[in-house]
Amino acid sequence: NDTFRFDGAQWTTAGTFFRPDPRFHAAITTDVANGRILLQGGEENVPNIGTGFNGFFDVWQWNNGWFPLSAFVNTGAAALESQGVTFDPARNEVVLFSGGIVASAVGISNQTFTFNGSSFTDEDPVFNMSPTFNSSLAAFRGGVIAIGINDTQTFRWSGTNWAVVAGNPPDTIDRPKLVTDLQNDRVVAVG
């Protein structure tokens, strides 16, 4: 559960007294509106016999040190892992699309949450992406686009619903990760 910073030339340890428990499959993004980085959910990296992995319901902020927001905000979400998250510049909030529900018989989910700086809201869109692990979101042209491991379509978030947009992701993409290429006005997908 170490934290590192990159200054353009080298990586250095950013040791802090408070820090999140070790985890994998967590979501992390920049919350531009509130000038911080958010870390949400994930799984413990040690399995429990018979029940699988324990999940984290927590939310942490990074602003030159870790601080647990969970005690101060409504997470509104189950213990999620492999979820997609990004900042939505058009609505000035963080958008999170759920992935797996840790230690659950349900397994995967298709919930969409927004975070306004103080609480997560389950948006409950009428039209949604398929339940999926490893969804990936990216800010693009004033909104958010997304693809998931189980989807053969590209989606755009309107603030209330997901809509299919032109441009199907490649069939060969596995566990996609999206990032916005601001200089060339496009999204790059790796997977």
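Reader: Where is asparagine 92 found?
Author: Asparagine 92 sits in the loop between strand 8 and strand 9. Before we go on, remember that this is a predicted model, in which local features need pLDDT of at least 70 and side-chain atom pairs count only at pLDDT 80 or more, while totals for chains, interfaces and linings use all residues. Residues are numbered from 1 along each chain as its sequence is written, and side-chain values use heavy atoms, leaving out hydrogens and water.

Reader: What makes something a strand, and how many strands and helices are there?
Author: Strands are DSSP runs of E with at least two residues, helices are runs of H or I with at least four, and both are numbered from the N terminus. The protein chain has 18 strands and 0 helices.

Reader: Why is asparagine 92 called partly exposed?
Author: Its relative accessible area is 47%. Buried means under 20%, exposed means over 50%, and partly exposed lies in between, using a 1.4 Å probe and protein chains only. So asparagine 92 belongs in the middle class. The backbone of asparagine 92 also has a positive phi of about 60 degrees, although the residue is not a glycine.

Reader: What is said about the phi of aspartate 185?
Author: Aspartate 185, also a residue other than glycine, has a positive phi near 50 degrees. Aspartate 185 lies in the loop between strand 17 and strand 18.

Reader: Why do arginine 141 and aspartate 185 count as a salt bridge?
Author: A salt bridge needs a side-chain nitrogen of Lys or Arg within 4 Å of a carboxyl oxygen of Asp or Glu. The N to O distance here is 3.1 Å, so the pair meets the cut-off. The two residues are 44 apart and link distant parts of the chain, with arginine 141 in the loop between strand 13 (136-140) and strand 14 (143-147). At 57% relative accessibility arginine 141 counts as exposed, whereas aspartate 185, at 41%, is partly exposed.

Reader: How many salt bridges does the structure hold?
Author: There are 3. One of them joins arginine 91 and aspartate 88 at 2.7 Å, N to O. Arginine 91 is partly exposed at 31%, but aspartate 88 is buried at 0%. Another pairs arginine 36 with aspartate 31, their closest N and O atoms being 3.2 Å apart.

Reader: Why are arginine 36 and aspartate 31 called buried?
Author: Compare each value with the 20% limit. Arginine 36 has 11% relative accessibility, so it counts as buried; aspartate 31 has 1%, so it counts as buried too.

Reader: How do you know that strand 3 and strand 4 pair?
Author: Pairing requires that DSSP finds at least two bridges between the strands. Strand 3 (residues 27-31) and strand 4 (residues 36-40) have 5 bridges, in the antiparallel sense, so they pass. Alanine 27, for example, has glutamine 40 as its bridge partner. In this hairpin, with 4 residues between the strands, glycine 35 takes a positive phi near 60 degrees.

Reader: In which order do the 4 strands of the open sheet stand?
Author: The order is 8-9-11-12, with antiparallel pairing. Strand 8 (84-88) and strand 12 (120-122) are the edge strands, each pairing on one side only. Strand 9 (residues 93-97) and strand 11 (residues 112-115) are joined over 4 bridges, and phenylalanine 97 stands opposite threonine 112.

Reader: What makes a group of residues a nonpolar core?
Author: A nonpolar core is a set of buried Ala, Val, Leu, Ile, Met, Phe, Trp, Tyr and Cys residues joined through side-chain atoms within 4.5 Å. The largest one here has 11 residues, including Ala27, Leu69, Val85 and Phe113. Strand 8, strand 9 and strand 11 each supply at least two residues of this core. Apart from it lies another core of 9 residues, among them Phe97 and Trp157.

Reader: Why does leucine 69 qualify as buried?
Author: Its relative accessible area is 7%, so leucine 69 falls under the 20% limit. Leucine 69 lies in the loop between strand 6 (66-68) and strand 7 (80-81). Beyond neighbours within four places in sequence, leucine 69 is in contact (heavy atoms within 4.5 Å) with residues including Leu38, Val59 and Phe115.
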